[in-house]
Amino acid sequence: EVIADHRSVELDMELVDRSEPVELDEAAIDSLGSAAEESGISYRLLPSGEGHDAMNFQLAGVTTGLLFVSSIDGISHNPDEATDSEAIRDTTEIMARALLNWE
């Protein structure tokens, strides 16, 4: 609203859906972070406002974490989305290492 006011643009908003946030499994998150560190691959923890299937698995009692693959120029959910092979390789390595180390 602030930006619309600043630019003298009329804005109409309607909340279509609002799901409550879901805390994913700390052990899964820690496992993914440890796997990245062991692999020497940089990562960051970030909240996700997306309604991924992961939230439904967590709510059903299935241990759940999310691992995102970076997109070129940050473009996501768009026909122009692309990911370089290095990011795919790194993410695959993290996932494989986390699964192998899972207790």
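Ground rules before we start. Residues are numbered from 1 along each chain as its sequence is written, and side-chain values use heavy atoms, with hydrogens and water left out. Because the model is predicted, local features need pLDDT of at least 70 and side-chain atom pairs count only at pLDDT 80 or more, while totals for chains, interfaces and linings use all residues.

Pockets first. The search runs on a 1 Å grid over the protein atoms alone. A pocket is an open set of points where a 1.4 Å probe fits, with protein on both sides within 12 Å along at least five of seven lines. A lining residue has an atom within 4 Å of a point. Grid points are joined across faces, edges and corners, and the volume is the space filled by probe spheres set on the points.

The largest pocket holds about 1500 Å³. Its lining has 43 residues. Nearest the centre are L46, S48, L66, L67 and F68. Which elements give two or more residues to this lining? They are α2 (26-39), α3 (53-59) and α4 (85-101). Helices here are DSSP runs of H or I, at least four residues, numbered from the N terminus.

The lining of the largest pocket splits into 19 nonpolar, 14 polar and ten charged residues. Nonpolar means Ala, Val, Leu, Ile, Met, Phe, Trp, Tyr, Cys and Pro; charged means Asp, Glu, Lys and Arg; the others, Gly among them, are polar.

The second largest pocket comes in at about 190 Å³. Its lining includes A28, S31 and L32, then T63 through to L67, and also M95, A98, L99 and W102. Here α2 and α4 are the elements that give two or more residues. The class count is eight nonpolar, four polar and no charged residues. L66 and L67 line this pocket, and both are also among the residues nearest the centre of the largest one.

Stay with L46 for a moment. L46 sits in the loop between α2 and α3. Is L46 buried, partly exposed or exposed? At 48% relative accessibility, L46 is partly exposed. The cut-offs: buried is under 20% relative accessible area, exposed is over 50%, and partly exposed is in between, with a 1.4 Å probe and protein chains only. L46 and F68 are 22 residues apart along the chain, and their C-alpha atoms are separated by 9.8 Å.

Next, helix α2. At 1.5 Å a residue, its 14 residues should span 20 Å, and the end C-alpha atoms are 20 Å apart, so the two agree. The expected span is 1.5 Å times one less than the number of residues. The buried residues of α2 are A28, S31, L32, G33, A35, A36 and S39. Their cover includes α4. Of the buried set, A28, S31 and L32 also line the second largest pocket.

Salt bridges. The rule is a side-chain nitrogen of Lys or Arg within 4 Å of a carboxyl oxygen of Asp or Glu. How many are there? The count is three.

One joins R97 and E38, with the closest N and O atoms 3.7 Å apart. R97 is partly exposed at 29%, and E38 is partly exposed at 47%.

Another joins E93 and R97, at 3.5 Å from N to O. Both lie in α4, four residues apart, about one turn of the helix. An α-helix has 3.6 residues a turn, so residues three or four places apart point the same way. E93 is partly exposed, at 29%.

The remaining bridge is R89 with D90, at 3.0 Å. D90 is buried, at 15%.

Last stop, the loop between α3 and α4. S71 lies there. S71 is buried, at 16%. Leaving out residues up to four places away in sequence, S71 touches E81, A82 and T83, where contact means heavy atoms within 4.5 Å.

D73 is in that loop too. Its phi is positive, about 60 degrees, although D73 is not a glycine. H77 also lies there, with a positive phi near 55 degrees in a residue other than glycine. D73 is exposed at 72%, and H77 is exposed at 68%.
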